[in-house]
Amino acid sequence: MVDLDIGVLLPTMSTRDGSLGDVGAAARHAEDLGFESVWVADQLIAGTGVPVLESLTSLAAAAAVTDRIQLGLGVLVLPLRPVAWIAKQVASLQHISGDRLLLGVGVGGARHDRSWAAAGVPARERGRKTDEALRLLPDLISGRPTHLGNGAPAHSPVQLSPPATVPPIIVGGMSDAAVRRAAAHDGWFVLGASDDIPAHQARLGVLAAANGRTTPPITANAMVGLHGDPSLPDHTAILQSLSDPDGMFGIPVEHAESSLVRGEPGFVAEHLNIFATHGADRVVVTFVAGDWFRQAELLAQACQRL
């Protein structure tokens with residue numbers, strides 16, 4: 001048996017003509033099936049406006065109806081929110097869930113330009129704001145007096161209450177800056193094929209060693225469609241959905257085919273095993289289509305073969 005944690009992305013997004021899933025029921029189902037974690041995507045306006053539930057609210061709903069499963073943000077776009085509010089929400093989630101949060105964070109992508117405009121945040125400032133938030137969050141979450149440096153008097157630090165356990169901070173993104181941030185924190189959420197994991201791990205290890213740290217664990221993502229679900233569309237329809245620039249995923253056409261893992265549970269298990277043998281510690285599975293609950297059951301069958 002390989003040493004690999006499996007998480008699943010909750011159904012907090014839908015196509016424009018679809019309906020959003022039952023987040024609480026999905027989280028309970030994932031816990032009952034034995035998955036290590038459930039995750040939510042984060043965006044104010046997804047793509048060109050597909051329906052998406054707010055991420056932290058969704059995790060609060062999942063926390064309320066589960067007991068053991070970890071709750072992941074994959075990933076929270078830090079620059080879109082004031083850092084003190086992020087800390088307050090994270091601390092609250094830690095209290096509600098019993099310290100089950102996995103705090104995935106990132107700078108946000110160019111595909112979501114409507115989010116920057118709606119939040120009144122210049123996209124060009126996202127890197128600086130992310131670094132500042134990462135510097136401040138541990139102290140704010142843990143309830144220590146913190147100087148925000150946002151115009152508040154130097155003698156008036158902010159202290160949030162109740163304090164909470166700082167969750168693992170997992171940095172998402174593939175840029176040099178993202179790897180630098182990941183090497184200084186608790187993990188890296190990478191995108192791309194399983195074959196790229198060894199190179200990612202080596203890249204991360206060099207930077208972590210320069211900081212006097214061990215190499216943080218790697219969380220990868222897999223886009224999966226499992227056979228055995230009558231509602232799963234055919235291969236062509238799935239690829240069209242993945243590459244639709246106005247859709248849920250917006251994957252470039254040239255990368256859609258290589259991003260997709262589609263087949264029987266045994267075939268999917270083989271693919272997940274490759275992630276593990278190449279150095280990933282966790283894989284978060286996104287169900288690309290079909291019935292979310294049936295897909296989760298089929299994935300659990302695949303996991304039994306790891």
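Two residues are in contact when heavy atoms of theirs lie within 4.5 Å. The model is predicted: local features need pLDDT of at least 70, side-chain atom pairs count only at pLDDT 80 or more, and totals for chains, interfaces and linings use all residues. Residues are numbered from 1 along each chain as its sequence is written, and side-chain values use heavy atoms, without hydrogens and water.

Q: Which residues bring α6 and α7 together?
A: From α6 come Asp176, Val179, Arg180, Ala182 and Ala183, and they meet Arg203, Leu204, Leu207 and Ala208 of α7. These residues divide into 6 nonpolar, no polar and 3 charged.

Q: Why are α6 and α7 called oblique to each other?
A: Helix α6 (residues 176-183) and helix α7 (residues 197-210) pack at about 55°, with axes 8 Å apart. Angles under 35 degrees count as roughly parallel, over 145 as roughly antiparallel, 65 to 115 as roughly perpendicular and the rest as oblique. The pair is therefore oblique.

Q: Why is helix α1 described as largely enclosed by the rest of the structure?
A: Buried means under 20% relative accessible area, with a 1.4 Å probe and protein chains only. In α1 (residues 23-33), 8 of the 11 residues are buried, so the helix is largely enclosed. They are Val23, Gly24, Ala25, Ala26, Ala27, His29, Ala30 and Glu31. Their cover includes β1 (5-9), β2 (37-40), α2 (55-64) and α11 (292-303).

Q: What caps the N-terminal end of α1, and what follows the helix?
A: Asp22 is the cap, with a side-chain oxygen 3.3 Å from the backbone nitrogen of Gly24. After α1 comes Gly34, whose phi is positive, near 95°.

Q: How do α1 and α11 lie relative to each other?
A: Their axes come within 10 Å and cross at roughly 15°. That makes α1 roughly parallel to α11. The contact joins Ala25, Ala26, His29, Ala30 and Leu33 of α1 to Trp292, Phe293, Ala296, Glu297 and Ala300 of α11. By type, the residues of this contact are 8 nonpolar, 1 polar and 1 charged.

Q: Why does Gln94 count as buried?
A: Gln94 has a relative accessible area of 2%, so this residue is buried. Its place is in helix α3 (residues 83-97).

Q: What does Gln94 touch?
A: Leaving aside neighbours within four places in sequence, Gln94 is in contact with Asp99, Arg100, Leu101, Ala164, Thr165, Val166 and Pro167. The Gln94 side chain also reaches the backbone nitrogen of Arg100 at 3.4 Å.

Note on methods
Helices (H or I, at least four residues) and strands (E, at least two) are DSSP runs, numbered from the N terminus. Buried means under 20% relative accessible area, exposed over 50%, partly exposed in between (1.4 Å probe, protein chains only). A polar contact is a pair of N or O atoms within 3.5 Å; within protein, one must be able to donate a hydrogen and the other to accept it, and residues adjacent in sequence count only if both atoms are side-chain atoms. Axes are lines fitted to C-alpha atoms, for helices over the stretch in contact, and angles run from 0 to 180 degrees between N-to-C directions. Ala, Val, Leu, Ile, Met, Phe, Trp, Tyr, Cys and Pro count as nonpolar, Asp, Glu, Lys and Arg as charged, and the others, Gly among them, as polar.
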